[in-house]
Amino acid sequence: MWRAVVSQPLDRTKTLPQLGSLDEEMGEFWEGNAFAMPVNGDNLSAFERNRLFLNDGSGGPFLDASFASGADIDSDSRSVVAADFNRDGKPDLLVASVGGGSLRLFLNQLETTASSLQVRFAAGTEEMSQVGVRVTIHCAGRQIIRDCFPVNGCLGQAPDELLIGLGDVEQIDSITVRWPDGSLDELGACPVGGQLIVQKGGATRFHSGWLKPEASQANSR
């Protein structure tokens, strides 16, 4: 645990006296000048483990799956990207950390019978960004709306595609795509459990099933 107080941010030479006693057995230390930490070799890695919470669909509090998932590494993680890296219809996690190693890919091996659809956007005759595309799925008497806004976190960005969970839906009745310029494409029925590639103007390609890589899908740490 690191304890410090930073004041007068325009004065990099400011040093603050230690406030209270430290529990060195618990790893507490004091640094009066945060800018001196790199010079002194102080490292905040291994002081806070990552947390992963699971929505079990019950409507109650999320389950703490940090330890069970193996994602509770203590390497001062700064960036996380959620995307379907191994193309099996489930979101995985790519984590970048300051200390304790390079990128780590955590593959989602949670068993589920829920269906999903991955939507990607192909370049058409007009140059148009996929950012801002809205996809509305009509199925089982309800609507599922997703916007393509790739999450941009600390030194990381999600891909410009959508992975849409559909629950127990077996067939999509229709899909509406609203492009950033306001134009709409109304698509017909679509199967689930695969990849739908949409081009402005209504042209589509559907790849049934998920393209799994040959590499082992063992949990990476």
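Biologist: Helices (H or I, at least four residues) and strands (E, at least two) are DSSP runs, numbered from the N terminus. How many helices and strands does the protein chain have?

Modeller: This is a predicted model, where local features need pLDDT of at least 70, side-chain atom pairs count only at pLDDT 80 or more, and totals for chains, interfaces and linings use all residues. Residues are numbered from 1 along each chain as its sequence is written, and side-chain values use heavy atoms, leaving out hydrogens and water. Counted over the protein chain, the secondary structure comes to two helices and 19 strands.

Biologist: What share of the protein chain is buried?

Modeller: A residue is buried under 20% relative accessible area, exposed over 50% and partly exposed in between (1.4 Å probe, protein chains only). The protein chain has 221 residues, and the buried share of them is 32%.

Biologist: Among contacts between residues at least 6 apart in sequence, what share joins residues at least 24 apart?

Modeller: A contact means heavy atoms within 4.5 Å. In the protein chain, the share of those contacts that link residues at least 24 apart is 46%.

Biologist: Which residue of β10 is the bridge partner of R134?

Modeller: β9 covers residues 134-139 and runs antiparallel to β10, joined by six bridges. Looking across from R134 to β10, you meet its bridge partner, D147.

Biologist: Is strand β8 mostly covered or open, and how many of its residues are buried?

Modeller: Strand β8 spans residues 115-122 and is mostly covered. Of its eight residues, the number buried is six.

Biologist: Last stop: why does L110 count as partly exposed?

Modeller: L110 lies in the loop between β7 (104-106) and β8. L110 counts as partly exposed because its relative accessibility is 47%.

Technical notes:
Two strands pair if DSSP finds at least two bridges between them.
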